[in-house]
Amino acid sequence: MYRPTEDHEMFRAAIREIAEEKIAPAAAAVDENAEFPAAAYAALKQGDFHAPHIPEEYDGVGADALATVIIIEEVARACASSSLIPAVNKLATFPLLLAGSDELKQAYLPKVARGEGLISYALSEPDAGSDVAGMKARAVADGDDWVLNGTKAWISNAGEAEWYTVFAATDPAAKSRGISCFVVHKSDEGVSFGAKEKKLGIKGSPTRQVILDSVRIPGDRLVGEVNQGFVVAMKTLDHTRITIAAQAVGIAQGALDFALGYVQERKQFGRPVADNQGVQFMLADMGMKLEAARQLTYAAACRSERNDADLTYFGAAAKCFASDVAMEITTDAVQLLGGYGYTRDYPVERMMRDAKITQIYEGTNQIQRIVMGRQLLQGLPRNR
């Protein structure tokens with residue numbers, strides 16, 4: 001049902017070669033210096049892997065949801081920060097794909113597909129993370145234009161991106177039913193950015209506030225209908241939470257790969273550490289849980305492609321399970337390396353730090369469990 005095809009495996013082979021040769025060598029420096037992985041972006045653009053989900057009619061590759069997941073997984077295996085390039089491009093363009101007019105799609109999707117700039121997703125705020133309906137950003141109609149004011153927070157690739165899908169309240173009293181979505185340009189007058197957040201992990205992907213100070217934009221930059229932004233945001237996340245699951249799987253795979261090599265080479269008491277049964281049990285659990293996470297993620301990706309009725313459940317389940325597994329596997333990888341695992345001389349401590357965010361962004365895992373519980377009470381997922 002969700003077994004990758006030969007075409008999917010060709011995608012994997014191609015992106016793995018790029019990741020291993022052009023992305024992985026710089027991963028430690030990207031983390032250490034907290035610098036945007038420009039070389040990785042260039043390599044991804046050269047291979048058409050920076051926004052593979054964009055349909056061919058908009059100059060994109062037209063990769064399906066499973067192929068996109070595989071690409072993000074393989075990049076994250078080498079460098080989690082770099083995997084946010086295709087992941088955030090999908091996140092931020094999906095509202096346009098779901099609800100944008102043909103003119104709006106033609107205005108932005110080909111530019112992103114051609115690598116003319118990144119696009120970011122601006123939903124969260126300093127006081128409105130999980131509680132999206134509590135956002136304070138406002139958009140007020142002024143003739144044919146809209147004027148936006150407010151501060152969006154925790155915005156991935158902010159400052160690097162040229163365009164932003166911004167959510168703001170157009171009818172504050174209506175709460176979730178009074179939110180709309182807009183496209184804002186980095187160059188629009190009144191747009192500025194806060195300082196880069198000093199983060200635990202994914203340091204190469206800049207996270208900053210996007211500050212909107214009387215930003216005037218034309219009316220044709222409204223995405224979908226007025227006051228339908230919350231629906232667009234939630235439907236987007238149903239699809240894109242799966243890319244975070246893919247990122248988590250990739251990080252975990254990178255950690256397991258390194259740990260497997262290390263325990264076979266490292267000797268204690270005159271024999272490889274891998275000869276110890278306790279170590280083998282740890283490796284078995286790591287491999288078992290990783291494959292379970294991968295299969296759930298691939299199953300969710302196929303539901304995303306078909307837009308199945310139980311996508312909300314599977315998207316939440318994949319993101320929640322895969323990120324919990326990634327945190328566990330990367331922690332165990334550090335343990336398997338002993339004291340060396342705790343140093344920056346080896347990549348597993350970076351992977352452990354990177355894994356943590358996958359349990360938090362695009363909806364904390366506590367929120368995912370609420371989503372799943374409600375879906376189960378509604379009779380989803382359905383047996384197939």
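Axes are lines fitted to C-alpha atoms, for helices over the stretch in contact, and angles run from 0 to 180 degrees between N-to-C directions. Helices (H or I, at least four residues) and strands (E, at least two) are DSSP runs, numbered from the N terminus. The model is predicted, so that local features need pLDDT of at least 70 and side-chain atom pairs count only at pLDDT 80 or more, while totals for chains, interfaces and linings use all residues. Residues are numbered from 1 along each chain as its sequence is written, and side-chain values use heavy atoms, with hydrogens and water left out.

**Packing of α3 with α7**

- Helix α3 (residues 65–78) packs against helix α7 (residues 277–306) at an angle of about 140°, and their axes are 8 Å apart.
- The two helices α3 and α7 are therefore oblique to each other; angles under 35 degrees count as roughly parallel, over 145 as roughly antiparallel, 65 to 115 as roughly perpendicular and the rest as oblique.
- From α3, the residues A65, L66, V69, I70 and E73 meet R294, T297, Y298, A301, C302, S304 and E305 of α7, where contact means heavy atoms within 4.5 Å.
- The contact of α3 with α7 comprises seven nonpolar, two polar and three charged residues; Ala, Val, Leu, Ile, Met, Phe, Trp, Tyr, Cys and Pro count as nonpolar, Asp, Glu, Lys and Arg as charged, and the others, Gly among them, as polar.

**Packing of α8 with α10**

- Helix α8 (residues 311–336) and helix α10 (residues 365–377) have axes 9 Å apart and pack at an angle of about 145°.
- The crossing of α8 past α10 is left-handed, a term that applies if the near helix is turned anticlockwise from the far one by less than a right angle, with right-handed used if clockwise.
- Residues of α8 in this contact include T312, Y313, A316 and D324, and those of α10 include N365, R369, M372 and L376.
- By class, seven nonpolar, five polar and three charged residues form the contact of α8 with α10.

- Q253 is part of helix α6 (residues 229–265).
- With 15% relative accessibility, Q253 counts as buried; buried means under 20% relative accessible area, exposed over 50%, and partly exposed in between (1.4 Å probe, protein chains only).
- The side chains of Q253 and R294 make a polar contact at 2.6 Å; such a contact is a pair of N or O atoms within 3.5 Å, and within protein one must be able to donate a hydrogen and the other to accept it, while residues adjacent in sequence count only if both atoms are side-chain atoms.
- Leaving aside residues up to four places away in sequence, Q253 touches R77, L290 and R294.

**Backbone features**

- Most residues other than glycine have a negative phi, and most peptide bonds are trans.
- W154, in strand β3 (residues 145–156), has a positive phi near 60° and is exposed, at 53% relative accessible area.
- N227, in the loop between β8 (222–223) and α6, has a positive phi of about 70° and is partly exposed, at 22%.
- L380 and P381 are joined by a cis peptide bond with omega of about 0°, and P381 is in the segment after α10.

- A274 lies in the loop between β10 (271–272) and α7 and is buried, with a relative accessible area of 14%.
- A274 touches V263, Q264, V279 and Q280, not counting residues up to four places away in sequence.
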